[in-house]
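Colleague: I would like to go through this model with you. Shall we start with the sheet and then turn to the loops?

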Amino acid sequence: MNTAIFVAASLLAREPVNPVSLRSAAAPYAPHDPAPIRSKASTDRATPAGELAAPVVMQVVINLAPGGAESLVVEIAKRLSPPFRTVVCCLDLTGPLERELVALGVRVVALGRRPGFHPALGYRIARLASRYRASVLHCHQYSPFVYGSL
């Protein structure tokens with residue numbers, strides 16, 4: 001089953017997800033993030049020998065100021081954790097909801113976007129997704145979707 005569909009089905013069912021079926025089709029994950037990025041949460045854990053790391057969902061949002069999409073980011077992080085790990089990427093700066101995510105052990109990264117269109121942000125998002133070994137990229141709202149698609 002596709003990872004995104006599996007995640008969505010889990011959220012709708014409001015039940016814990018068993019990611020074993022996701023792992024069978026994928027290559028083993030490497031240990032998580034050997035070089036930290038600017039972040040306030042520490043979720044780095046060594047993976048015991050023979051065990052696979054949890055799948056990672058990277059959510060991309062404009063910022064974490066209180067609002068509908070931003071509250072959804074927090075709610076998704078709550079419901080996915082565990083067995084999934086979540087990383088949140090803010091195009092601009094973070095915001096007040098960052099504290100709630102950090103308390104959940106979620107990494108929050110701010111890209112500090114300036115006004116205007118910057119295609120290089122797509123590359124930065126791709127690098128972050130690669131560094132955190134994201135299985136799913138979930139973009140909230142139009143701008144994150146455009147940059148996440150690049």
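Colleague: In what order do the four strands of the open sheet stand?

Modeller: Keep in mind that this is a predicted model. Strands of a sheet pair through backbone hydrogen bonds, either parallel or antiparallel. Here the pairing is parallel. The four strands form an open sheet in the order β3-β2-β1-β4.

Colleague: Which strands stand at the edges, each with a single partner strand?

Modeller: Read the order from end to end: β3-β2-β1-β4. An edge strand has a single partner, so one side of it is left without a neighbour in the sheet. The edge strands are β3 (107-110) and β4.

Colleague: Which strands does helix α3 touch?

Modeller: Helix α3 spans residues 68-80 and packs on the sheet. Its direction makes about 170° with that of β1 (56-61).

Colleague: At what angle does α6 run to β4?

Modeller: Helix α6 covers residues 142-149. It lies across β1 and β4. Its angle to β4 is about 140°.

Colleague: Now the loops. What is the phi of Q141?

Modeller: Most residues other than glycine have a negative phi. Q141 sits in the loop between β4 and α6. It is not a glycine, yet its phi is positive, at about 80°.

Colleague: And what is the relative accessible area of R133?

Modeller: R133 lies in the loop between α5 (120-131) and β4 (134-139). It also has a positive phi, of about 55°. R133 is partly exposed, and its relative accessible area is 37%.

Definitions and conventions
Residues numbered from 1 in each chain as written. Predicted model: local features only at pLDDT ≥ 70, side-chain atom pairs only at ≥ 80, totals over all residues. Heavy atoms only, no water. Helix = DSSP H or I, 4+ residues; strand = E, 2+ residues; numbered from the N terminus. Buried < 20%, exposed > 50% of the residue type's maximum accessible area, 1.4 Å probe, protein only. Pairing = 2+ DSSP bridges. Contact = heavy atoms within 4.5 Å. Axes fitted to C-alpha atoms, helices over the stretch in contact; angles between N-to-C directions.
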